[in-house]
Amino acid sequence: MSNPQQLRYSKEHEWLSAADEDGVATVGITEFAANALGDVVYAQLPAVGDTVTAGETCGELESTKSVSDLYSPVTGEVVAANEDVVNDPALVNTAPFEGGWLFKVKVTDEPAELMSADEYTAFAG
């Protein structure tokens, strides 16, 4: 399992890109989480305009094994949801760090406990 070094990670197995010049960051789930879920068959993502709160649920992913809550790693306003994932949830499994991203958020607050790639790799085992 390879976790991109430029991302930060939550204990709920979400990843967060660095915010761009407009303060917008991208959120997805890690390869570890995608593998644990199994084949994702349905994705309910937060809608554009929704406010998400760090550590709170903001959607869900359903797999052939279970339904799992999706947590936001940061607080902010959702500015994009990945319609490709809604239409083809398997992208979460096949490309969790690329085409399988879930939503973009204009960050207003970022918790201090997000982990580096090395810290997350140690945490996830």
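**Group meeting: an aromatic cluster and a salt bridge**

Let me start with Y9, which counts as buried at 0% relative accessibility, where buried means under 20% relative accessible area, exposed over 50% and partly exposed in between, with a 1.4 Å probe and protein chains only. This is a predicted model, in which local features need pLDDT of at least 70 and side-chain atom pairs count only at pLDDT 80 or more, while totals for chains, interfaces and linings use all residues. Residues are numbered from 1 along each chain as its sequence is written, and side-chain values use heavy atoms, with hydrogens and water left out.

The structure holds 3 aromatic pairs, counted for rings of Phe, Tyr and Trp (its six-membered ring) with centres within 6.5 Å, planes under 30 degrees apart being stacked, over 60 edge-to-face and the rest tilted. Among them, Y9 and Y120 have ring centres 4.9 Å apart and planes at 15°, so this pair is stacked. Y9 lies in strand β1 and Y120 in helix α4, so the pair ties together parts that are 111 residues apart in sequence; helices (H or I, at least four residues) and strands (E, at least two) are DSSP runs numbered from the N terminus.

Y120 is also buried, with a relative accessible area of 0%. The rings of Y120 and F123 have centres 6.2 Å apart and planes at 40°, so that pair is tilted, and F123 is partly exposed at 39%. Y9, Y120 and F123 form one aromatic cluster.

Strand β1 also holds R8, which forms a salt bridge with E110, the closest N and O atoms being 1.9 Å apart; the term requires a side-chain nitrogen of Lys or Arg within 4 Å of a carboxyl oxygen of Asp or Glu.
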